[in-house]
Amino acid sequence: MMRYLPNENTVFDPMTVFDDFDQDFFGGSTTMKTDIKETENDYQVKAELPGFKKDGIHLDYNNDTLRINANHDLTHEHKDEQGRVLRQERSSRNISRSFYLPGADADKIAATYDGGLLKLTLPKRAPETEDSHHIDIN
């Protein structure tokens, strides 16, 4: 939706200026809608990435931070009956999000992607037990 600047007959609400800030030129969202749930044993992440292909999504977990990067390139051609290109359009979308999720076991993170929905489970590491050593005073 495109918003126009108000004229003298409209009431200007400055809070609506950035309502559609996350919309790109072609009408798609440039943000990633994400839900994160923390349980006692893990973090569960769901991220909506409609239109992206699985091979265009990169995930990593480093320094207690989960990073999700997604890139989508689209090329569309319109040809006439003789096969001549009449119009060719290209668009590219790249979105990235980072989430601080401390204490996840990086070796046990599982991810699935189906129907535009990315789901991750990040199991938490077992709490480290400190070795307690009694020290005698002489």
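## Salt bridges and strand pairs

Reader: Is arginine 67 buried, exposed or partly exposed?

Author: Buried means under 20% relative accessible area, exposed over 50%, and partly exposed in between (1.4 Å probe, protein chains only). Aspartate 60 comes in at 26% and counts as partly exposed. With 29% relative accessibility, arginine 67 is partly exposed.

Reader: How many salt bridges does the structure hold?

Author: Besides the pair above, aspartate 105 forms one with lysine 108, the closest N and O atoms being 3.9 Å apart. In that pair, aspartate 105 is buried at 17%, while lysine 108 is exposed at 55%. The total for the structure is three.

Reader: How many residues apart in sequence are the parts that lysine 124 and glutamate 38 tie together?

Author: These two side chains meet in a salt bridge at 2.5 Å, N to O. Glutamate 38 sits in strand β1 (residues 34-38) and lysine 124 in the segment after β7 (117-123), so the parts that they tie together have a sequence separation of 86 residues.

Reader: Which strand order does the open sheet of four strands have?

Author: Strands (E, at least two residues) and helices (H or I, at least four) are DSSP runs, numbered from the N terminus. Two strands pair if DSSP finds at least two bridges between them. The pairing in this sheet is antiparallel, and the order is β1-β2-β7-β6.

Reader: Which strands stand at the edges there, each with a single partner strand?

Author: Each edge strand has one side left without a neighbour in the sheet, because it has a single partner strand. The two are β1 and β6 (110-114).

Reader: Which residue is the bridge partner of aspartate 35 in β2?

Author: β1 and strand β2 (residues 42-48) run antiparallel, joined by five bridges. Across that pairing, the β2 partner of aspartate 35 is lysine 46.

Reader: Which residue in β4 does tyrosine 61 stand opposite?

Author: β3 and strand β4 (residues 65-79) are antiparallel, paired over six bridges. Tyrosine 61 faces, in β4, leucine 66.

Reader: What positive phi does asparagine 63 have?

Author: Most residues other than glycine have a negative phi, and most peptide bonds are trans. Asparagine 63 is in the loop between β3 and β4 and is exposed, with a relative accessible area of 63%. Aspartate 64, in that loop too, has a positive phi of about 65 degrees. For asparagine 63, phi is about 55 degrees.

Reader: Which residue takes a positive phi in the hairpin of β4 and β5?

Author: β4 and β5 run antiparallel and are joined by 15 bridges. Between the strands of the hairpin there are five residues, and the one with phi near 85 degrees is glycine 83.

Reader: The backbone oxygen of which residue lies 3.0 Å from a polar atom of the side chain of histidine 72?

Author: Histidine 72 belongs to strand β4 and is buried at 17%. Leaving aside neighbours within four places in sequence, its contacts (heavy atoms within 4.5 Å) are Gly51, Phe52, Ser91, Ser92 and Arg93. The backbone oxygen at 3.0 Å belongs to glycine 51.

Reader: What is the mean pLDDT of the protein?

Author: Where pLDDT is low, the predicted coordinates should not be read in detail. Residues 9-28 stay under 50. Across the protein, 73% of residues reach 70 or more, and the mean is 78.

Notes
Residues numbered from 1 in each chain as written. Predicted model: local features only at pLDDT ≥ 70, side-chain atom pairs only at ≥ 80, totals over all residues. Heavy atoms only, no water. pLDDT = per-residue confidence, 0-100. Salt bridge = Lys/Arg side-chain N within 4 Å of Asp/Glu carboxyl O. Polar contact = N/O pair within 3.5 Å; in protein donor to acceptor, adjacent residues only side chain to side chain.
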